[in-house]
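Visitor: Please take me slowly through one part of this model, and then tell me how the chain as a whole is built around that part.

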Amino acid sequence: MHSELSQAFRSLRRDRSRDREDDKERRKMGLPSHPKDGTTTIASCTVWLGRLPQMNEEELRASIPELSPANQVQLMHTRACAYVTMKDRRSAVKLLDKAKGMRASWAAGNGTKGDKWRSYWDEDRGISAIPHNELPLDAMNDLCDGGWLDVSTLPIHLRGIIDEGGKVIDQTDSATSLLDDTLSSHHSNSFLDLGQVQLPPTPDLSSIPNPMSHFNPNMNLGGPALMMPPMGGQFMNLGLPNGLPPFVPSPMREEQRIGCCGSPSF
């Protein structure tokens with residue numbers, strides 16, 4: 001028993017140490033320690049540099065050594081700025097740290113620039129947290145253009161199949177079949193096929209008894225029969241016991257008639 005507890009504690013310490021290392025690595029890459037549940041993180045590798053003097057790409061690369069591993073440099077001379085896409089997230093973080101003396105900030109990668117993804121963009125951290133049900137599974141490579149995919153935030157069934165660049169890395173038949181099934185399910189759930197909706201059957205009401213089928217309107221319910229007054233205004237006997245005079249309404253005084261019916265008509 002004691003050895004089992006010791007082994008469990010050692011395993012727990014290893015897990016905690018691994019979590020601390022992972023958290024430290026994520027901070028170095030500018031990633032959130034606790035990603036939002038149900039979302040996949042696309043971390044930008046693109047940095048915006050502003051207030052640049054007139055220079056060409058070679059001069060810009062020479063002035064900033066951290067630009068050497070850049071995949072793409074897009075200079076905009078009319079705005080005196082440049083969009084630099086680095087080869088990976090770590091290089092982009094280093095460039096942003098070195099460029100603190102100048103105007104610099106995160107910019108969305110080409111894959112997440114569209115209006116569809118704008119609401120998921122976090123400029124302060126340079127990431128897009130995209131809900132799992134919004135992921136374009138058949139175009140993940142395009143979504144990751146200019147960015148880096150945090151594979152640990154992918155849906156569990158896609159981990160190990162898609163790499164940090166959005167490419168399918170597991171080309172085995174089982175992995176391909178799994179991705180195809182996921183795509184089919186993703187597309188089939190995106191709309192409702194009314195032709196396949198099954199309505200419940202109409203219940204058979206013939207077996208339900210009619211509560212009015214045994215009702216007798218002349219049935220004596222054990223009390224005096226109530227009679228409606230005749231057209232002449234005189235009330236008929238309401239079935240009162242013998243010896244009591246029939247009920248005759250007293251004439252309404254003029255002030256009572258005025259009070260209940262409003263002003264009399266002349």
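**One hairpin and its setting**

Guide: In this predicted model, Ala70 has Met86 as its bridge partner in β4. That bridge belongs to the pairing of β3 (residues 70-76) with β4 (residues 81-86), two strands that run antiparallel and are joined by 6 bridges, where pairing requires that DSSP finds at least two bridges between the strands. The hairpin formed by β3 and β4 has 4 residues between its strands, and Ala80 takes a positive phi near 55 degrees there.

As for the setting, the chain has 7 helices and 8 strands, taken as DSSP runs numbered from the N terminus (helices being H or I of at least four residues, strands being E of at least two). Of its 266 residues, 26% count as buried, that is, under 20% relative accessible area with a 1.4 Å probe and protein chains only. The accessible surface of the chain, by the Shrake-Rupley method with a 1.4 Å probe, comes to about 19300 Å², and 54% of that surface belongs to carbon and sulfur atoms. Among contacts (heavy atoms within 4.5 Å) with a separation of 6 or more, 53% are between residues 24 or more positions apart.

Residues are numbered from 1 along each chain as its sequence is written, and side-chain values use heavy atoms, with hydrogens and water left out. Local features need pLDDT of at least 70 and side-chain atom pairs count only at pLDDT 80 or more, whereas totals for chains, interfaces and linings use all residues.

Terms used. Buried means under 20% relative accessible area, exposed over 50%, partly exposed in between (1.4 Å probe, protein chains only).
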